[in-house]
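The following report is written for a reader who is meeting this protein model for the first time. Please look at the sequence and the structure before reading on.

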Amino acid sequence: MRRALRALLAPLILLLVLSPSVAASESGVVVSEFRFRGPDGGNDEFIELLNSSNNAVDISGWTLQGCAASSGNPSNRGAVPSGTTLEPGDHYLFTNSSGYSGTVDGDTNYSTGVSDSGGARVVDVEGSVVDGVASSDGAEDQCREGTGLDLPTSNGDNAFERRNDGTQDTNDNAADFQGPKDSDPQNLGGGTNEAEITPIHDIQGAGESSPIEGQTVTVKGVVTGIDDEIGASFTRFFPEDAGIFVQEEQSEADDDPETSEGIFVGFVRNRGDYPPGTVVRLEGQVREKFGFTIIAEERDQEPEIVGEAPVPEPVEIVPARAEIQDPETRAYYETLEGMRVRLAAGTANSGGTNKFGELFLTPGEERDRVFRTEEAPALIATDADAGAGDPNNPLRDPDGSTTEVEADLFDRVEGLVGPLAFSFDNFKVMVQPGLLPEVIDGPRDYPYDELEPAGEKELRIASFNFENFFSPGSDLDQGTVGEEEYAEKKARLADAVDRLLERPGILAVQEVENREILQDLATDLGGYTAYLEEGNDERGIDVGFLIQDDVRVIDVTQYGKNAQAPEGLDCSDVDGRLFDRPPLAMEVQAQGFGEFAVISNHFASKSAPDACREAQAAFVRDLVAELEEEGERAIVTGDLNAFEDEGALEILQDGETTLDNLWDEAPEEERYSFQFGGKLQTLDHMLLTRGLQNKVCDFRYAHFDNDYYKRDDPTDGHKVSDHDPPVLTLSRGSRK
């Protein structure tokens, strides 16, 4: 439009005599726009010419000159190649090859910059001045026409453009130019700084990753939703995780079912400015973030709103297609990545909504738990980040999310709609504000009531990872534990121990900061005494016990605090040590059961090498072997961070002792203590030596954490941890 207007106005302007003492450019070629200092520095500059006449003009051999700041004398910068003709309305662009940052290529490049307080001019092959522009500084400047301009001396998009679509020419720079303004350079090919739009389906491509990863692109599309929560780890934040989802308008979509029409744009800060239905144009770099194709917008460069359009109808997820896709590539879901989708019905077969606001579903209505050893290609989650309210620290956000889908194990979710995101190896539907799906209660009873109090001839023993039980003022998740938070955590743990676990006689615990807060909990419970020894963990978490008063404690011993790790292994926060959380052994006597030892453990995390947990298991095995040699019986329990079929458990049961894992004693469909990535698995174990095995009355996992979502009640023990306790009941009678 700009070019056309100039061509139409040119004949009229050339007929006007604007001043009796000056004349416009004889050829009609003028400096129409220029920038002597741009966003990327003093050499980020260009000079644009326009043929504002009705006739073609041969500009072969014309020269761009720059005028010095002090003397005003000109010197050559660059020349126009022979055979160059400007048709009416054509542009010609000179750019500084030393610093020009525009997206439109120059027709002629030069390398010596133009002074901020100097100017530039164009001369023809005879050396006659065609047109010029310069600063108002200096007594004389051979580039200046008339008054001259007040030119900026700081970086920025400081362009000046000739008035009346580039045609006004009174030979007075101050009167003829306006600025500074955003630049809009054009070259002989008609290019502008409005970069070519790249279709979203071309960015997504037909494979797992973008075929143009790393390239900077400009896209235009309809906003379908937001992610209103930055990412966070224990050490840093990731602002690129918050942004908007953009999808091609239907008229712009391609016919290839293998390419997605939607994409996520990160680094967008003012997400509330882009409600669904807003059409935006934006620029950014194509990236693959752990398998999620995104556009990383330049920071502080927000999308441009260019209109409105209907929000695209969601694409229906077909359960049959989801079930048969390759479980590694999940190619079907990949074709929908970033697009607005709908799942008609899904079942919570992986437990309740987790602490990250995710609820994992399998499409359809079948109730069938999803275990670690299964492929489960159709598994998909809800994500609550869109309603998070942009917290500064999402790990410490106390208010939750307005888009969290709250459900328990086997609940059914219907009408799930939102853009399809991807993180931590899972596809997730980003639920948008005001679009919560319907949740239909399943058969899981609330509250959890599957344990009866131990009988008169029974002894209840359990292990429980308390998950970050810290005192007020302690560091946690890049924040500080407050008094109210501590009181709530303690009250919920008390409810879990008292009501849901039915007050076990012996409770081995993990992830407790110190004995003082464990005793504080014991006091609230009444009838318990706390035991804990400090270890080596840099976060300060330790293992301990809560022991009922009717169980006699004979001895308490911490083992392995200074034990050395095998050479070459980094297993502890203290260099060379084997344990962060050394085992704590309680030698106890319970009426009718005699004396035995219970060892509370918290092995190295899953991020550590398997060899660390195997070495820790060997240490505990050898300890039990010594106890058995002395005629003692033992129970080994805790968060071992190892699966039942991994090396650590194999070592504990390698025949050097009579230890036997009770995992396979639990009901087959309930053998799990943890959920990760939508799959149920067992990290918490309990192993017994032979002298106690014949007294087992019952063993199970108490699923009041994984199977439920967190209730609003600050005293409710459900979901107080991300681990389910293994629970053993011994009987003085015969084995069950």
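Which residue lies over the face of Tyr446? Arg711 does, at 4.0 Å from the ring centre, where a charge sits over a ring if NZ of Lys or CZ of Arg is within 6 Å of the ring centre and within 35 degrees of the ring normal. Arg372 lies over the face of Phe643, at 4.0 Å from that ring centre.

This is a predicted model, in which local features need pLDDT of at least 70 and side-chain atom pairs count only at pLDDT 80 or more, while totals for chains, interfaces and linings use all residues. Residues are numbered from 1 along each chain as its sequence is written, and side-chain values use heavy atoms, with hydrogens and water left out.

The structure holds 19 aromatic pairs, a pair being rings of Phe, Tyr and Trp (its six-membered ring) with centres within 6.5 Å, and planes under 30 degrees apart count as stacked, over 60 as edge-to-face and the rest as tilted. Two of them are set out here.

| Pair | Centre distance | Plane angle | Class |
|---|---|---|---|
| Phe46 and Tyr100 | 6.4 Å | 75° | edge-to-face |
| Phe464 and Phe466 | 5.2 Å | 90° | edge-to-face |

Both Phe46 and Tyr100 are buried, a word that stands for under 20% relative accessible area, with exposed over 50% and partly exposed in between (1.4 Å probe, protein chains only). Phe464, at 1% relative accessibility, counts as buried, and Phe466 counts as buried at 0%.
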